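Here is a short tour of one protein chain. Keep the sequence and the 3D view side by side as you read.

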Amino acid sequence: MAASGSALALAARLRALDDDTLARLVTQRAVREGGIRDFFDLAEALLDRTSVQSALERLDRGTLALLAVTGELAETSGAPTAEQLSARLELPIAAVRERIGIALDAGLLGTESGRYAPWDAVVEQLRAWPAFGLPAGRDLESSSPPAMLELVSEADVRFIDRGAGDRAFGTLGAVTETLLALRDAPARRLTRGGLALPDARRLAAIAGVDASEVELLLDIAARAGLAVLAGTEWVPTANLGAWLAGSRVDRWAELANGWLGRLPDDLRELLRTRAHAVWGDGLLDYLDWLYPAGGAWIRERAVAAAREAELLGITGAGAPSTAGARLLLDGTAAAAEAMAESFPPEVDKVYLQHDLTVIAPGPLRVDLETRLRGMAEAEARGVASSFRITAVSLTRALVAGETADGLRAFLGTLSLTGIPQPLEYLISDTAARFGTLRVGRLEEATGSYVRSDDGELLRQLAVDQALTPLGLVVTGVHRLTTRFDVGLLYTALLDARYPVVAEDAEGEIIAMRAERRASSGGAPVGDDTAALLISRVRESAADAPEEADRAWLARQLELAIKGKVTVAVTVRLPDDSLAEYVLEPAALAGGRLRARDRRADIERTLPLASIVSVSDA
């Protein structure tokens with residue numbers, strides 16, 4: 001069958017798929033929508049040599065062997081059934097059907113009446129492999145995997161667990177800080193890939209990691225459904241609040257489960273069989289064997305998974321920890337139980353210092369830390385951590401509903417050293433000044449205002465060099481205005497350490513999150529290539545089914561003419577009976593097909609309106 005014949009058959013198969021299945025195929029094969037007008041263009045794009053090779057690179061040895069054998073049998077004795085493939089490959093029928101499903105889903109295999117054959121472009125590409133140092137069809141079947149990996153001893157596991165627990169605890173803290181930082185200010189992703197340097201540095205400083213690790217933390221968070229790339233910005237998802245409310249062990253379990261859930265099925269199963277073995281180079285050697293055309297792609301995927309496993313304490317020194325082994329074999333709950341034994345115990349008391357710092361001698365109980373963060377800024381993070389209480393942080397707490405008495409009661413109960421006098425003064429002073437400096441949105445024009453009954457305070461704002469970029473203008477004894485949005489004004493005043501609050505049009509105090517960017521994060525924006533492409537190729541059939549059918553037949557015949565493909569054409573005769581001709585189409589013009597009849601060895605001219613169907617012969 002010529003390549004155009006494959007395109008004819010594949011186009012028909014694509015046309016019969018539902019939108020969801022078609023979208024998965026387009027996404028899996030990374031088809032770009034430019035230049036694709038209909039199913040024939042899509043079929044030809046999928047059969048492009050580069051596209052086929054890219055798809056083959058992502059198939060394991062077993063599925064590749066099935067494609068090679070199926071192609072061989074199709075040429076020698078006709079397209080085989082699943083049962084015939086099972087006998088030929090000496091595999092259970094269930095395993096064969098699983099591999100068939102993978103090949104069908106990848107758009108590499110054709111099927112009709114329970115028989116299967118790879119498209120010609122797939123057969124040709126596999127045949128060309130030996131010239132590029134890749135295995136031939138027979139080698140795909142017969143090659144044996146590398147030796148099993150070295151098992152980990154019990155003594156080694158105890159050593160691994162100690163280090164894994166420390167790393168897991170540290171990574172959990174870094175991911176938490178990263179997500180909280182994203183909640184205040186999303187991080188921009190460059191078009192060419194990677195984070196914008198200022199955002200990478202900001203997140204690295206907040207999370208206490210090297211800038212090179214920030215993207216790994218974002219990937220870990222994304223795998224757990226806690227962060228998402230919205231357009232060109234990383235933002236937290238709606239799941240963040242519930243995740244922060246959980247215990248540290250529960251939070252770690254969700255991160256570990258996200259890591260496990262996003263592993264490709266084959267890699268996950270492979271790691272499960274090696275849950276008590278050293279991974280290292282032996283694992284990479286096995287993956288090179290399992291994905292013979294995978295090259296750098298499979299190594300990069302495995303190395304990334306292994307790196308994140310180390311950060312999460314799923315492995316230590318290249319071997320699974322107890323928690324990691326349980327995650328792979330028994331599930332998330334069993335893994336969390338094991339990791340809990342490696343996490344440091346939580347504390348429920350802190351030291352309040354005269355310099356307004358709060359020192360927690362161990363991991364503060366989650367509910368206590370959550371409330372403390374509402375009235376203090378996190379500074380040092382780790383097993384022991386420190387916070388600083390400021391006028392701005394106390395103002396934020398008052399906006400959120402705290403009261404001066406409530407702050408004193410909470411801090412007094414939490415502290416091992418009582419409430420130092422400087423902190424007592426700060427709480428009283430901040431509460432007294434609360435609401436005296438307010439910002440709001442201008443109703444009569446674009447921009448915002450800041451107002452206060454304290455004229456001296458407003459005069460201070462007007463001459464503050466840190467606020468010069470706002471261009472504050474005096475518009476009354478008690479009001480300044482700026483052309484900038486209220487969110488940016490609020491953020492600038494907070495950064496300048498003014499106890500500012502936001503108000504609505506009625507003068508009621510409202511909570512406002514600092515805005516540290518010009519654009520706003522929205523809902524996740526996915527790659528809409530598949531949706532655009534599917535909409536376009538289905539468009540022609542939307543309104544006039546009869547015209548769409550004629551256009552479909554015409555495109556089939558045009559492709560057959562272009563590729564000099566012999567096709568089976570079913571024609572409705574004047575007496576309403578059907579006749580089938582095996583034709584080599586030569587031209588299509590004026591609504592009529594001119595073709596060579598291969599059986600009768602004569603030339604025929606047929607009205608397009610009389611043609612019922614066209615299929616590859």
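Where is Glu-90 found? Glu-90 sits in the loop between helix H6 (82–89) and helix H7 (93–105). Bear in mind that this is a predicted model.

## Residues with positive phi

Glu-90 has a phi near 55°, which is a positive value in a residue other than glycine. Is Glu-90 buried or exposed? Glu-90 has a relative accessible area of 73%. The cut-off for exposed is over 50%, so Glu-90 counts as exposed.

Ala-317 also has a phi near 55°, and Ala-317 is not a glycine either. Look for Ala-317 in the loop between strand E6 (315–316) and strand E7 (319–320). Ala-317 is exposed, with a relative accessible area of 69%.

Helix H21 covers residues 391–399. How many of its 9 residues are buried? The count is 7, and the helix is mostly covered. The buried ones are Val-392, Ser-393, Leu-394, Thr-395, Ala-397, Leu-398 and Val-399.

H21 packs with helix H23, which spans residues 421–433. The two axes come within 10 Å and cross at roughly 55°. That angle makes H21 oblique to H23. The crossing of H21 and H23 is right-handed.

Which residues meet there? From H21 come Ala-391, Leu-394, Thr-395 and Leu-398. From H23 come Leu-426, Ile-427, Thr-430 and Ala-431.

Now zoom in on Thr-395, which lies in H21. Thr-395 has a relative accessible area of 2%. Buried means under 20%, so Thr-395 is buried. Leaving out residues up to four places away in sequence, Thr-395 touches Thr-430, Phe-434, Pro-499, Val-500 and Val-501.

Move to helix H10 (residues 154–184) and helix H11 (residues 197–207). Their axes come within 8 Å and cross at roughly 130°. H10 and H11 are therefore oblique to each other. H10 passes H11 in a right-handed crossing. On the H10 side, the contact is made by Ala-174, Glu-177, Thr-178, Ala-181 and Leu-182. On the H11 side, the contact is made by Arg-202, Leu-203, Ile-206 and Ala-207.

## Aromatic rings

How many aromatic pairs does a search of the whole structure find? The search finds 3. A pair of aromatic rings is described by the distance of the centres and the angle of the planes. Two of the pairs are set out here.

| Ring pair | Centre to centre | Angle between planes | Type |
|---|---|---|---|
| Tyr-286 and Trp-289 | 5.6 Å | 45° | tilted |
| Tyr-291 and Trp-297 | 6.0 Å | 75° | edge-to-face |

Take Tyr-286 and Trp-289. Both lie in helix H16 (residues 280–290). They are 3 residues apart, about one turn of the helix. An α-helix has 3.6 residues a turn, so residues three or four places apart point the same way. Tyr-286 is buried, and Trp-289 is buried as well.

Trp-297 is partly exposed, with a relative accessible area of 22%.

## Arginines over rings

Tyr-291 has another neighbour to find. Arg-301 lies over the face of Tyr-291, at 5.4 Å from the ring centre. Elsewhere, Arg-251 lies over the face of Trp-243, at 5.4 Å from the ring centre.

## One last stop

Ser-142 belongs to helix H9 (residues 137–142). Is Ser-142 buried or exposed? Ser-142 is exposed, with a relative accessible area of 54%. Ser-142 and Glu-112 are 30 residues apart along the chain. Their C-alpha atoms are separated by 29 Å.

Conventions: Residues numbered from 1 in each chain as written. Predicted model: local features only at pLDDT ≥ 70, side-chain atom pairs only at ≥ 80, totals over all residues. Heavy atoms only, no water. Buried < 20%, exposed > 50% of the residue type's maximum accessible area, 1.4 Å probe, protein only. Helix = DSSP H or I, 4+ residues; strand = E, 2+ residues; numbered from the N terminus. Phe/Tyr/Trp six-rings, centres within 6.5 Å; stacked < 30°, edge-to-face > 60°. Lys NZ or Arg CZ within 6 Å of the ring centre and 35° of its normal. Axes fitted to C-alpha atoms, helices over the stretch in contact; angles between N-to-C directions. Parallel < 35°, antiparallel > 145°, perpendicular 65-115°, else oblique. Left-handed = near helix turned anticlockwise from the far one by under 90°. Contact = heavy atoms within 4.5 Å.
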